Amino acid sequence: MRKILVAGNWKLNGSLAGNEALVSGILAGMSNVQNADVAVCPPYPYLPQVRDLLSGSAVKLGSQDNSEHEQGAYTGEVAAPMLKEIGCHYAIVGHSERRSLYGETDAITASKFEAAQKAGLVPILCVGELLEERENGTTEEVVARQLDAVVDLVGIAAMANSVIAYEPVWAIGTGKTASPEQAQAVHEFIRSRIAAQDAGVAEGLQILYGGSVKPDNAAELFAKPDIDGGLIGGASLNAEDFLGICTAAN
Ligand code: PEP
């Protein structure tokens, strides 16, 4: 039985005071979260602060990205071993904002995934189609291409130590959520593509849904057989909303 995971992606938001208030709000409500693993992914500079605030709690820390490089002359980059050393458990890779705004290709995403795992982090690999790709019927083709780039590089067994987030780009930050049926169909496709290579890995793989998840739609999404939680953007910046999503798994 796969456990639900709810991970908050804070994106480019936060401040020392704001993070403290948000984390203390989340921790105050964690006793009501019965069935979900929970993680938060703050911006890089706040990772040590948030790590300390989370200390002794069950909430895990994640980064929003990591470099594909381990060290060297890569100004502005942050390496996976640094993130591990600072206390991260997860690293998001291939978020659609990285792909669309910073030109990160499937190959770069796969290298980042590999670097994260090599450092002992659990990558949360984001995949998902653009609106025009959904409309022209190529959703599965796009998701398969994004997934295969990683599997071909790291091998199917490595997928056991990862999380996948299906995030239709047209649903991110737009208020448009994929219906539970639309999301389930793609989650089932992802799991079956992994199962074609290794049924055991597919069975254990957490596949999260991301795209305008809110407390009032989370329970219906999480009830679907192949939806194992959520990657949450906007709603993860409000403790009450984030907790509402975490308790939707109860
Ligand atoms: C995201 O960016 O990963 C995301 C799912 O954002 P939102 O929840 O705001 O749509």
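On a 1 Å grid over the protein atoms alone, a cavity is a set of points where a 1.4 Å probe fits but cannot get out. A pocket is an open set with protein on both sides within 12 Å along at least five of seven lines, and lining residues have an atom within 4 Å of a point. Grid points are joined across faces, edges and corners, and a volume is the space filled by probe spheres set on the points.

This is a predicted model, in which local features need pLDDT of at least 70, side-chain atom pairs count only at pLDDT 80 or more, and totals for chains, interfaces and linings use all residues. Residues are numbered from 1 along each chain as its sequence is written, and side-chain values use heavy atoms, with hydrogens and water left out.

**Cavity**

- The whole structure holds one cavity of 30 Å³ or more.
- Two or more of the lining residues come from each of H4 and strand S5 (122–127); helices (H or I, at least four residues) and strands (E, at least two) are DSSP runs, numbered from the N terminus.
- By class, the cavity lining has two nonpolar, five polar and two charged residues.
- Here Ala, Val, Leu, Ile, Met, Phe, Trp, Tyr, Cys and Pro count as nonpolar, Asp, Glu, Lys and Arg as charged, and the others, Gly among them, as polar.

**Pockets**

- The largest pocket has a volume of about 470 Å³.
- Its lining has 19 residues, with Lys11, Leu12, Gln64, Arg98 and Tyr102 nearest the centre.
- Helix H4 (residues 96–101) gives the most to this lining, three residues.
- The lining of the largest pocket splits into eight nonpolar, six polar and five charged residues.
- The second largest pocket holds about 180 Å³ of space.
- It is lined by 19 residues, and Lys11, Ile172, Gly173, Gly233 and Gly234 are the closest to its centre.
- Seven nonpolar, nine polar and three charged residues make up the lining of the second largest pocket.

**Helix pair H7 and H8**

- The axes of helix H7 (residues 139–154) and helix H8 (residues 180–195) come within 11 Å and cross at roughly 40 degrees.
- H7 is therefore oblique to H8; angles under 35 degrees count as roughly parallel, over 145 as roughly antiparallel, 65 to 115 as roughly perpendicular and the rest as oblique.
- Axes are lines fitted to C-alpha atoms, for helices over the stretch in contact, and angles run from 0 to 180 degrees between N-to-C directions.
- The contact (heavy atoms within 4.5 Å) involves Thr139, Glu140, Val143, Ala144, Leu147, Asp148 and Val151 of H7, and Val186, Phe189, Ile190, Arg193 and Ile194 of H8.
- This H7 contact with H8 has eight nonpolar, one polar and three charged residues.

**Helix pair H10 and H11**

- Helix H10 (residues 215–222) and helix H11 (residues 239–247) have axes that come within 8 Å and cross at roughly 20 degrees.
- H10 and H11 are therefore roughly parallel to each other.
- Pro215, Ala218 and Phe222 of H10 make the contact with Asp241, Gly244 and Ile245 of H11.
- The residues of this H10 contact with H11 are four nonpolar, one polar and one charged.

**Backbone**

- Most residues other than glycine have a negative phi.
- Lys11 has a positive phi near 55 degrees and sits in the loop between strand S1 (4–9) and helix H1 (16–29).
- Ser212 is not a glycine, yet has a positive phi of about 55 degrees; Ser212 lies in the loop between strand S7 (206–210) and H10.
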